[in-house]
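Welcome! Take a moment to turn the model around on your screen, and then read on for a short tour.

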Amino acid sequence: MEFSEHIKTANVEDVVLQQPLHPPSKGTLCITGHHLLFSDREEKSCRQVLLLLRNIDAVEKRTTESSGTIIIKCKDLRVLQLDIPGMAQCLNIAQSIETLSSLNCVAEMYPFFYRPSNASLQDHWGLSTPERHYTEMEELHERWRLSTVNQDYSVCPSYPPAVIVPKAINDDALKKVAKFRQGGRFPVLCYYHRKNGMVILRSGQPLTGANRKRCMEDELLLQTVIGDSDKGYIIDTRSAQQAQQARMMGGGFESKAFYSNWKRLHRHMERGKTLQESLIKLVDAYGDKSPNMDRWLSKLENSKWMSHVQTALSTAGLLAECVERDGHSVLVHGSEGTDATLLISTLAQLIMDPSCRSLEGFLRLLEREFVQAGHPFQQRCSHSAFSHARLQQECPMFLLLLDCVWQLCCQFPLALGFSEALLLRLATEAYASDYGTFLCNSEMERCALQVKDKTHCLFRALLKPRESEQYTNPLYEPNELAIWPSVHPQSLQLWRGYFLRWTQQTRHLELVQEEIRNMVIEWEKLPLS
């Protein structure tokens, strides 16, 4: 497909741009296949604004006989206004933006065209692999093995080609277990706790159905994990009622009769449409220009976003407590096991494992637990809070994770080796990126499109010296202890840096934080007396 066929008017002069944190400016507007480029033509100004079209969530237009206005609402929550001379030009520009910003062919997205000067497609892609992760965890090798049963993605389309499973369970048994679990997501190891040898596994729900079907291999796999003298916990991210309803629809849960050494704990976590609508309501609240504080707080409360943050941290804390304090292994699942399951397994590892708290360790954790583990980024992040399109499979689960991590940063300012700036960058990149890291919904799809051969890796770019300097926490002091978050309402805050990032007050706060950061860095350079 030629992008040019969607561009009726390639550039327009004398366009006035109004954007947050800047005065209005007049200049030239250009449209390419992937970008909107505004160049300020006013005297003594060389400012440019380059906007990835994929970042556009909604386009609104108003026209008169002689001019028109286009309102662009972005996935990163920016709102831009373009005042364009000429009604026809305005309509042409608006139509081009709407069409190009909604193209869904992954192979035609910008990461396949992006070629930074400081990187090569021959560079190593990613930070780690399941094989390397297994090799590094020598303590696992006695009881666990690396299985390539999913090498061709035929057993589980959303799993990577290699996964860590109990050594006593062979690949034929794994294939039977996969048929008994939603989406083929049989229980796999995602975390080994070095302090006591306990593990976290994740999976999809068992497909017991109304007839209470069994799978002997599934029962054996879970029993093998804990042995004869121990018990384990199953954290189900659905309510008991939802799990019962799922059973009537062909899904289900592990029966106490057949999994007698496993105790099931239900912790209801919202996902899908409910979570997406919560984000929409929250963004609508921050966009309310009313000076009435009670009204604003009422809207914030009605969005229920903060209660989702509280529930996620509370459930992750429960998971960490089962492993760290109680000394038991845990299986986590909901329905599909690609959303809330990955969220709490990621947070629990951040709580317990100090190696996940450095900049590189955190990026490795995200790569392992979200990218490789099959979080469907393409579906979940296709729209943000402004889109007028009918909700389909959008869900801000990754954004919720980053919000929870930010809460940890606030409560433990010395314990994490990365800054809020990293979280903001990741939140933006998940919705629209120059890099291929968050493309597609699974490793199988990335393999089919040769993403690792034809695009660049975001995580590797973030670790390059010039980039990583921006994202490290200068106050970081590695801590071997678990960091237990408080989930009391008074301990949790609205993530202003993200949801209010385009306001003047937040910009002032960012400048102060940057000044403090620079002071700390300069102080560290001083020679010890």
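The protein's secondary structure amounts to 19 helices and 14 strands. Its radius of gyration is 25 Å, close to the 24 Å that the globule rule gives for 529 residues, so the protein is as compact as a globular protein of that length. Keep in mind that this is a predicted model.

**Overall size and surface**

**Inside the fold**
- Of the 529 residues in the protein, 54% are buried.
- Take the contacts between residues at least 6 apart in sequence: 70% of them join residues at least 24 apart.

**Aromatic rings**
- How many aromatic pairs does the structure hold? There are 14 aromatic pairs.
- One of these pairs is made by Y498 and F499, with 5.1 Å from centre to centre and 90 degrees between the planes, an edge-to-face arrangement.
- Are Y498 and F499 buried or exposed? Both Y498 and F499 are buried.
- Y498 and F499 also belong to a cluster linked by ring pairs, together with W305, W406 and W495.

**Charges over rings**
- Look for R214, which lies over the face of F258 at 3.9 Å from the ring centre.

Notes. Residues are numbered from 1 along each chain as its sequence is written. This is a predicted model: local features need pLDDT of at least 70, side-chain atom pairs count only at pLDDT 80 or more; totals for chains, interfaces and linings use all residues. Side-chain values use heavy atoms; hydrogens and water are left out. Rings of Phe, Tyr and Trp (its six-membered ring) pair if their centres lie within 6.5 Å; planes under 30 degrees apart count as stacked, over 60 as edge-to-face and the rest as tilted. Buried means under 20% relative accessible area, exposed over 50%, partly exposed in between (1.4 Å probe, protein chains only). A charge sits over a ring if NZ of Lys or CZ of Arg is within 6 Å of the ring centre and within 35 degrees of the ring normal. Helices (H or I, at least four residues) and strands (E, at least two) are DSSP runs, numbered from the N terminus. The radius of gyration is taken over C-alpha atoms; the globule rule is 2.2 Å times the number of residues to the power 0.38. Contact means heavy atoms within 4.5 Å.
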